[in-house]
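The coordinates and sequence are shown first, and the points follow in numbered order.

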Amino acid sequence: MLRSIVSLLLFGALSPVSVVFPPSPGARQLDVAPLPSPLALLRTEDLSASGVLVMDVLSGRELFARAPESPRAVGSLAKIMTAIVVLESLPPEEIITIPEAVRALDGSTIGVRPGEQYTVADLVGGLLVGSGNDAAYALAHHLHGSIEAFAARMNARARALGLRQTRFGNPMGF
């Protein structure tokens, strides 16, 4: 599962469409020393995580892993995949009307109300920055008409990205 998450997060960093920003005038790089060895992590008493994956971003080589195949809750990874699917399918300026069902959602919301209208770009911002379950629901419902159909699209996109062990049940990450 950790390999799937890292693959998705690194996809943007390694994508041919990645944008490289030149350093600002007068900016200087931080001087960061690498660990002497990935095995140093094994001796670190502060490492309490049940799952860890350390990769070399440039080579894609796995340096250290602890239980990388153990199933884990997808959490906010679902919102990242929701944004990917939506932005690949809808223009940012398209208007979406918030459905009635957002009233019943639990967890983090951005406070949109049924009947209000927002652009795709605004809802994606609320989804990613505000972790808005209401924004995720509205986007998914608008694009596919049901949460189940949208989750199927998310899972198809995950497989296309090579994420063979990742399964989404909804766009919110529940």
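1. A residue is termed buried under 20% relative accessible area, exposed over 50%, and partly exposed in between. With a relative accessibility of 47%, Glu88 therefore counts as partly exposed. The model discussed here is a predicted one.

2. How many salt bridges does the structure hold? There are three. One of them joins the side chains of Glu88 and Arg157, with an N to O distance of 2.7 Å. This pair connects distant parts of the chain, since Glu88 lies in helix α2 (residues 77–89) and Arg157 in helix α5 (residues 147–160), 69 residues apart.

3. Another salt bridge pairs Arg103 with Glu100, and their closest N and O atoms are 2.5 Å apart. Is Arg103 buried or exposed? Its relative accessible area is 60%, which means that Arg103 is exposed, the threshold for that class being over 50%.

4. Arg113 and Glu116 also form a salt bridge, in which the closest N and O atoms are separated by 3.2 Å. Arg113 has a relative accessible area of 54% and is therefore classed as exposed.

5. The helices that carry Glu88 and Arg157 also pack against each other: the axes of α2 and α5 are 10 Å apart, at an angle of about 95°. Angles of 65 to 115 degrees count as roughly perpendicular, so α2 and α5 fall into that class. On the α2 side, the contact is made by Ala78, Met81, Thr82, Ile84, Val85, Val86, Glu88 and Ser89. The α5 side contributes Phe150, Arg153, Met154, Arg157 and Ala158. By residue class, the contact of α2 with α5 comprises eight nonpolar, two polar and three charged residues.

6. In which sense do strands β1 and β2 pair? Strand β1 (residues 52–55) and strand β2 (residues 62–66) are antiparallel, with four bridges between them. Within this pairing, Val52 has Arg66 of β2 as its bridge partner. The hairpin of β1 and β2 has six residues between the strands, and Gly60 in that hairpin adopts a positive phi near 80°.

7. A positive phi also occurs at Ala67, with a value of about 50°, although Ala67 is not a glycine. This residue is placed in the loop between β2 and α2. Its relative accessibility is 31%, so Ala67 counts as partly exposed.

8. Ser131 likewise has a positive phi, near 50°, in a residue other than glycine. Where is Ser131 placed? The residue belongs to the loop between α3 (120–128) and α4.

9. Helix α4 (residues 133–144) includes Asn133. Why is Asn133 classed as buried? The relative accessible area of Asn133 is 2%, and the class applies to values under 20%. Neighbours within four places in sequence aside, Asn133 is in contact with Lys79, Leu105, Asp106, Gly107, Ser108, Thr109, Met172 and Phe174.

Notes
Residues numbered from 1 in each chain as written. Predicted model: local features only at pLDDT ≥ 70, side-chain atom pairs only at ≥ 80, totals over all residues. Heavy atoms only, no water. Salt bridge = Lys/Arg side-chain N within 4 Å of Asp/Glu carboxyl O. Helix = DSSP H or I, 4+ residues; strand = E, 2+ residues; numbered from the N terminus. Buried < 20%, exposed > 50% of the residue type's maximum accessible area, 1.4 Å probe, protein only. Axes fitted to C-alpha atoms, helices over the stretch in contact; angles between N-to-C directions. Parallel < 35°, antiparallel > 145°, perpendicular 65-115°, else oblique. Contact = heavy atoms within 4.5 Å. Nonpolar A, V, L, I, M, F, W, Y, C, P; charged D, E, K, R; others polar. Pairing = 2+ DSSP bridges.
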